[in-house]
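Student: I have a structure open and would like to talk it through. Could we begin with a single residue and then widen the view?

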Amino acid sequence: MDPSRKSYFLAVVAAGLLCSPAAAFSEESSPRPLKEIFDDAEQLAADPQKHDEAAARYRSVVARHRDNEQWYRAALRRLAQSYAESGQIEEGASFFIKLAVEESTTEKEKILGEILTLTVA
């Protein structure tokens, strides 16, 4: 791939991730939505007798998010690499700009870090 096209692609991805408005990250492919588990924990936490159960549910949400986040970041990395290697720069840039609009600021920083590693590889 032409280095200038790859640089263009990475610059568009970086700009999109850094400049778009923040939004919440959601888990859609989980067997039981994290929001449901969180809501259960909230209800349990309202009862002083059930704080241990509530804490277990909160820990479950945190653990599942961390596991899913690892695969999410790996998929983003591979997707960016795939767009770059196939020369589909415009399609890749469009996808990542749309994604950046939907991501939180923290996620943008993580995604940007992952994508910038492509320039080193």
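Student: Is glutamine 43 buried or exposed?

Tutor: This is a predicted model. In it, glutamine 43 is exposed, because its relative accessible area is 62%, and over 50% counts as exposed.

Student: Which helix is glutamine 43 found in?

Tutor: Glutamine 43 belongs to helix H2, which covers residues 34-45.

Student: At what angle do the axes of H2 and H3 cross?

Tutor: They cross at roughly 160°, and the axes come within 8 Å. H2 is therefore roughly antiparallel to H3, as angles over 145 degrees are counted that way. The crossing is left-handed.

Student: Changing topic: what is the secondary structure of the protein chain?

Tutor: The chain has five helices and zero strands, giving the pattern α-α-α-α-α along the sequence. Of its 121 residues, 31% are buried.

Student: Which residues make up the largest nonpolar core?

Tutor: That core has six residues: Tyr72, Leu76, Ala80, Tyr83, Phe96 and Leu99. Helices H3 (51-86) and H4 (89-102) are the elements that each give two or more residues to this core. H3 supplies the largest share, four residues.

Student: How do H3 and H4 pack, then?

Tutor: Their axes lie 8 Å apart at an angle of about 150°. H3 and H4 are therefore roughly antiparallel to each other, and their crossing is left-handed.

Student: Which H3 and H4 residues meet?

Tutor: Tyr72, Leu76, Leu79, Ala80, Tyr83 and Ala84 in H3 are in contact with Ile89, Glu91, Gly92, Phe95, Phe96 and Leu99 in H4. By type, these contact residues are ten nonpolar, one polar and one charged.

Student: One last point: among contacts between residues at least 6 apart in sequence, what share joins residues at least 24 apart?

Tutor: The share is 72% for the protein chain.

Definitions and conventions: Residues numbered from 1 in each chain as written. Predicted model: local features only at pLDDT ≥ 70, side-chain atom pairs only at ≥ 80, totals over all residues. Heavy atoms only, no water. Core = buried A, V, L, I, M, F, W, Y, C linked by side-chain atoms within 4.5 Å. Buried < 20%, exposed > 50% of the residue type's maximum accessible area, 1.4 Å probe, protein only. Axes fitted to C-alpha atoms, helices over the stretch in contact; angles between N-to-C directions. Parallel < 35°, antiparallel > 145°, perpendicular 65-115°, else oblique. Left-handed = near helix turned anticlockwise from the far one by under 90°. Contact = heavy atoms within 4.5 Å. Nonpolar A, V, L, I, M, F, W, Y, C, P; charged D, E, K, R; others polar.
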